[in-house]
Amino acid sequence: MTTVLAIETSCDETGVAVVRDRQILSNVVASQIATHQKYGGVVPEVASRQHLATINGVIAAALGESGLAWAEIDGIAATCAPGLVGALLMGLTAAKTLALLHNKPFLGIHHLEGHIYASYLSEPDLQPPFLCLLVSGGHTSLIYVKDCGHYETLGQTRDDAAGEAFDKVARLLHLGYPGGPVIDRLAREGNPHAFSLPEGQISLPEGGFHPYDSSFSGLKTAVLRLVQKLEPQTPELPTADIAASFQETVARSLTKRAIACARNYGLSTIAVGGGVAANSGLREHLTAAAKAHNVRVLFPPLKFCTDNAAMIACAAAEHLSRGRRSPLTLGVQSRMSL
Ligand code: KG4
Ligand code: ZN
């Protein structure tokens, strides 16, 4: 058994968790959403300062809730990439300091590997190979999970991430930040077939379209044009119908790619991760399509889908049990492929 305390500060959540293999002993998240809401999005400098202000308290809370003493912790981990550089630095520096202070091994973990490991937290018996559909505010990827540390990205977005598209469309509909949950709620009251919106496709030089890559910036522009066209014509914008039609298009596009990918690579399980995994439209579409194609689909509970440190600790515990370590000279990186 390997017990890890991990820190996640890649964006706007200060997370610290203690995990033993795939079992959560504590998982504390101090969300900054309320702070960033007034700016309509995450302000990097504000995020770094807030991490600095809260991190010691969150570490103490996570260790306290786990009921463990430092002597019972086998390693300390932190997200090292990708993310906001200042924000990442807060967590990484705190983790290195704790590792030095308590004489523990240190591990830097890729944020997306953490999202993959969120599936193991809710499904401890899950074994690779499987396909991970990772849909968050920063990423939209189809990842072939072969083994711990062995991943192949088969598809990704060429522009906006799925969550980013939800946030941008919510902003242009004046619905506030973060946009995903608001659009999801509103979409339930709307007609998903009210407006026909274009699903972004990536053309291939040899003709046809890329089967797994996606694009959401054209869809966002189409919603903008629709709003500009409707605004002068209607006293009240049909926001529920627009939200439902937009969500339907995103859900259909992601489902089509994930199912094609799983079938072509002979993978019988799709594990969904990232904040957009919470989306009810995506859940409905993907669950129905997976059933039709005899593919198992796993949606971890929302608290594991959005950014948290338990998923980072879970990934780190497996690496540590395989004897892996990171040097204390490890830095952070805003971009880094898996
Ligand atoms: O994984 P996450 O917490 O952070 C990143 O690593 O990006 O994902 C946050 C993203 C935001 O863009 C948010 O709007 C989106 O996930 N999101 C949703 C829903 N809940 C959160 N998008 C669609 N429907 C939802 N219910
Ligand atoms: Zn994330």
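This note walks through the main features of the model, point by point.

1. **Basis.** This is a predicted model: local features need pLDDT of at least 70, side-chain atom pairs count only at pLDDT 80 or more, and totals for chains, interfaces and linings use all residues. Residues are numbered from 1 along each chain as its sequence is written, while chains are lettered from A and ligands numbered from 1 in the order in which they are written.

2. **Domains.** The chain splits into domain 1 (3-117 + 307-321) and domain 2 (126-299). These bounds come from an automatic or database domain assignment. The C-alpha centres of the two domains lie 28 Å apart. Their contact takes ten residues from domain 1 and 15 residues from domain 2. Two residues are in contact if their C-beta atoms, placed from the backbone, lie within 7 Å. On the side of domain 1 that touches domain 2, helix 1 (33-37), helix 4 and helix 11 (310-321) each supply at least two residues. By class, that side has three nonpolar, six polar and one charged residues. Ala, Val, Leu, Ile, Met, Phe, Trp, Tyr, Cys and Pro count as nonpolar; Asp, Glu, Lys and Arg count as charged; the others, Gly among them, count as polar. Helices (H or I, at least four residues) and strands (E, at least two) are DSSP runs, numbered from the N terminus.

3. **Helix 4.** Look at residues 111-122. Eleven of the twelve residues of this helix are buried, so it is largely enclosed by the rest of the structure. Among the buried ones are H111, E113, H115 and Y120. A residue is buried if 20 or more other C-beta atoms lie within 10 Å of its own, exposed if 12 or fewer, and partly exposed in between; C-beta atoms are placed from the backbone.

4. **Nonpolar core.** The largest nonpolar core has 106 residues, and A6, A17, A77, A313 and A316 touch the most other members. Helix 8 (residues 239-264) gives the most to this core, with eleven residues. The core draws at least three residues from each of domain 1 and domain 2. Such a core is a set of buried Ala, Val, Leu, Ile, Met, Phe, Trp, Tyr and Cys residues joined through C-beta atoms within 7 Å. Take A313: leaving aside its neighbours within four places in sequence, this residue is in contact with V4, L5, A6, A17, V18, V19 and A77.

5. **Ligand 1.** The ligand is surrounded by 20 residues, the closest being G137, G163, G180, G275 and N279. A residue is near a molecule if its C-beta atom, placed from the backbone, lies within 6 Å of it. Helix 5 (162-172) and helix 6 (179-187) each supply at least two residues of this shell. By class, the shell has six nonpolar, ten polar and four charged residues.

6. **Cis peptide bonds.** Most residues other than glycine have a negative phi, and most peptide bonds are trans. A cis bond joins P128 and P129, with omega about 5 degrees. P129 sits in the loop between helix 4 and strand 6 (130-135). Another cis bond joins Y177 and P178, with omega about -5 degrees. P178 lies in the loop between helix 5 and helix 6.

7. **Positive phi.** D21 has phi near 55 degrees. Its place is the loop between strand 2 (13-20) and strand 3 (23-31). With 15 other C-beta atoms within 10 Å, D21 is partly exposed. N294 has phi near 60 degrees. This residue lies in the loop between helix 9 (280-292) and strand 10 (296-298). N294 counts as exposed, because 8 C-beta neighbours lie inside 10 Å.
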